[in-house]
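This report describes the architecture of one protein chain. The sequence and structure are shown first, and the description follows.

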Amino acid sequence: MNTALLLIDIQNDYFPNGRMPLERSTEACQKAQEALQAFRAKQKPIIHVQHISTRPDATYFLPCTKGIEFHPSVQPNKNEAIIKKHYPNSFKDTGLLNHLIKNKIDHLVICGMMTHLCIDATVRAAYDLGFSCTVIHDACASKNLEFNNIPIPAQSVHHAFLAALQPTYANVLSMRELLQTTSNAHAAAIA
């Protein structure tokens, strides 16, 4: 199994003082940084996904702002791929699929933001395209939502979407589980 780390939208607007701060974004970023360090140490493929909004009514990830920049703790190295996207699904109208095929990658370890939108959309698309996925749940973050005037706390949103992905669309693990479960084929891919 050829595995790549896919870091989705870990950008400044999702952090305190950004235009769309998420709950627990700083903690999730710390776990994503651990994943990034582990993949770099093993010289495994790493792909950074950057969302740049093109919608006229967009309020965050606006072009030419600091908000679209990658968070300082997960800055790409020059040998790491960067995929720019304009939709929640990281495959839609991007070169991601071609990059994965070209590099013979068949398994994605995914983390980033937002769990209920870009993580969910990308994992489901990856599954439909034939990739196996592992989502690092504590390296993802979400926000409070509302449905029919009923508030839904961010942690409930986060857990509900992860529960819906497992086990069909992805294996959902903590960063510690990913690193410690060496008998697991997905973890062994970075061991």
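Which residues in H3 meet which residues in H4? Thr115, His116, Asp120, Val123 and Arg124 in H3 meet Val157, His158, Phe161, Leu162, Ala164 and Leu165 in H4, where contact means heavy atoms within 4.5 Å.

## Basis of the description

The model is predicted: local features need pLDDT of at least 70, side-chain atom pairs count only at pLDDT 80 or more, and totals for chains, interfaces and linings use all residues. Residues are numbered from 1 along each chain as its sequence is written, and side-chain values use heavy atoms, with hydrogens and water left out.

## The pair of helices H3 and H4

Helix H3 comprises residues 115–128 and helix H4 residues 154–165; helices (H or I, at least four residues) and strands (E, at least two) are DSSP runs, numbered from the N terminus. The two helices pack at an angle of about 10°, and their axes are 10 Å apart. Axes are lines fitted to C-alpha atoms, for helices over the stretch in contact, and angles run from 0 to 180 degrees between N-to-C directions. H3 and H4 are therefore roughly parallel to each other, a term for angles under 35 degrees.

By class, the contact of H3 with H4 has six nonpolar, three polar and two charged residues. Here Ala, Val, Leu, Ile, Met, Phe, Trp, Tyr, Cys and Pro count as nonpolar, Asp, Glu, Lys and Arg as charged, and the others, Gly among them, as polar.

## The sheet

Six strands form an open sheet with parallel pairing, in the order S3-S2-S1-S4-S5-S8; two strands pair if DSSP finds at least two bridges between them. S3 and strand S8 (171–173) are the edge strands, each pairing on one side only. On average, neighbouring strands of this sheet are turned by 25° against each other, direction ignored.

Strand S1 (residues 3–8) and S2 run parallel and are joined by four bridges; the bridge partner of Leu7 in S2 is His48. Strand S4 (residues 107–113) pairs with strand S5 (residues 132–141) in the parallel sense over six bridges, and His107 has Ser132 as its bridge partner in S5. H3 lies across S1, S3, S4 and S5 and runs at about 165° to S4, while H4 lies across S5 and S8 and runs at about 170° to S5.

Strand S2 (residues 46–51) is mostly covered, with six of its six residues buried; buried means under 20% relative accessible area (1.4 Å probe, protein chains only). Ile46, His48 and Gln50 point one way from S2, and Ile47, Val49 and His51 point the other way.

The largest nonpolar core has 55 residues, and those with the most contacts inside it are Leu5, Tyr14, Leu108 and Val135. Such a core is a set of buried Ala, Val, Leu, Ile, Met, Phe, Trp, Tyr and Cys residues joined through side-chain atoms within 4.5 Å. Leaving aside neighbours within four places in sequence, the contacts of Tyr14 include Asp9, Met20, Tyr60, Phe61 and Met113.

## The loop between S2 and S3

Ser53 lies in the loop between S2 and S3 and is buried, with a relative accessible area of 7%. Beyond its neighbours within four places in sequence, Ser53 is in contact with Ala58, Tyr60, Phe61 and Pro63.

Gly67 is found in the loop between S2 and strand S3 (81–85) and counts as buried at 6% relative accessibility. Gly67 and Gln11 are 56 residues apart in sequence and 6.4 Å apart in space, C-alpha to C-alpha.

How values were computed
Buried means under 20% relative accessible area, exposed over 50%, partly exposed in between (1.4 Å probe, protein chains only). Angles under 35 degrees count as roughly parallel, over 145 as roughly antiparallel, 65 to 115 as roughly perpendicular and the rest as oblique.
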